[in-house]
Amino acid sequence: MWDPAKYLDFADLRGRPFFDLTARIGARAPRRVVDLGCGPGNLTVALAQRWPQAALEASDNSPEMVAAARQAGLDARLLDVRDWTPKPDTDVVISNAVLQWVPEHRELLQRWVRELPAGAWIAIQVPGNFDAPSHALTRRLAASAGWADTLGAIGLRDEGAVDAPTEYAERLARLGCQVDAWETSYTQRLHGENAVLEWITGTALRPIKAALSAHDWQRFRTELAAMLDEAYPPRSDGTTWFEFRRIFVVARTPE
C-alpha cells in the first residue's frame, strides 16, 4: 500500500527530477498528455499548466494515490502501467519513477514506440541507485538469519532492475527514435532523525513493510536505522547528505 502523505514528506526533492525530465520534452501543442504513475497528482498538475489545451490523462496502480490525485483536482483512474494502451491522439507520455517496479518495462517501451503516433514523445525517469548503501544494506538485512525466512521470497530489486542510459538509448534508437538519455546524481540534504530510513520508507521499503507484522516492521526499521546511520552519518546540524542517482530518457517516435 502506498502512503501519499509519507511520499510527500520529501515532495520538493522527489519533484526535482520530474521537472528536469519534462524540461527536455519539446512538444509545443500536444493533443493528449499522459502521466503513467501520477502518484498523488502534485506533479501532474504542472502538466496541465504547461499544456492547458491538451487532454490530460492520469493514472496510477495505487488506490490511495488515485484518491489523493482526485482530491488534487485530477480525473485520475486506477490502472496498471502494463495495461495502458495509447489513444490515437497521444502526443506525450511521461512515466516518472515508476518503471523500476515493472520488470518487463523494456518491452513496454518498445510496444509504446510501435503504438504511439509519429513524432510522439516518451519521457521516463527511474532511480539508478540500487547498488547504493541504502538499498544494499536493506537487501543484506532482509537476507540475514533473523529475517530471511520471512523476507526471502519478496524479491527486493537490485541494480538489474533498470538499465544504464546508453542501453535505453540504444534500444530506442534501434526502433528509429530520436533519443536524449542521461543520468544525474543529486546530493540531497535530508533533515531529521533517521533521515535516509524515512526517505526509503516511502518507496523502497514498501514491499518489506507489507510482508511484516506491525511489531516486526518496527524491529526491522530499528535494525536498519543503525546500519544506515553508519553509512550516512548525520551532520552536527542534524542534516544528512544522501546521494541519489537517477536515469532519464526522452525519446521521440519516428516521423
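Axes are lines fitted to C-alpha atoms, for helices over the stretch in contact, and angles run from 0 to 180 degrees between N-to-C directions. The model is a predicted one, in which local features need pLDDT of at least 70 and side-chain atom pairs count only at pLDDT 80 or more, while totals for chains, interfaces and linings use all residues. Residues are numbered from 1 along each chain as its sequence is written, and side-chain values use heavy atoms, with hydrogens and water left out.

Helices (H or I, at least four residues) and strands (E, at least two) are DSSP runs, numbered from the N terminus. The axes of α5 and α8 come within 10 Å and cross at roughly 35°. The contact (heavy atoms within 4.5 Å) is made by His 105, Arg 106, Leu 109, Gln 110 and Val 113 of α5 together with Tyr 168, Arg 171 and Leu 172 of α8.

In α8, the residues Pro 165, Tyr 168, Arg 171 and Leu 172 are buried, where buried means under 20% relative accessible area, exposed over 50% and partly exposed in between (1.4 Å probe, protein chains only). Among the elements that cover these buried residues are α5 and β5.

The structure also holds eight aromatic pairs; rings of Phe, Tyr and Trp (its six-membered ring) pair if their centres lie within 6.5 Å, and planes under 30 degrees apart count as stacked, over 60 as edge-to-face and the rest as tilted. Two of the pairs are tabulated here.

| Pair | Centre to centre | Between the planes | Class |
|---|---|---|---|
| Trp 147 and Phe 220 | 5.3 Å | 80° | edge-to-face |
| Tyr 232 and Phe 242 | 5.4 Å | 70° | edge-to-face |

Trp 147 counts as buried at 2% relative accessibility, and Phe 220 is buried with a relative accessible area of 0%.
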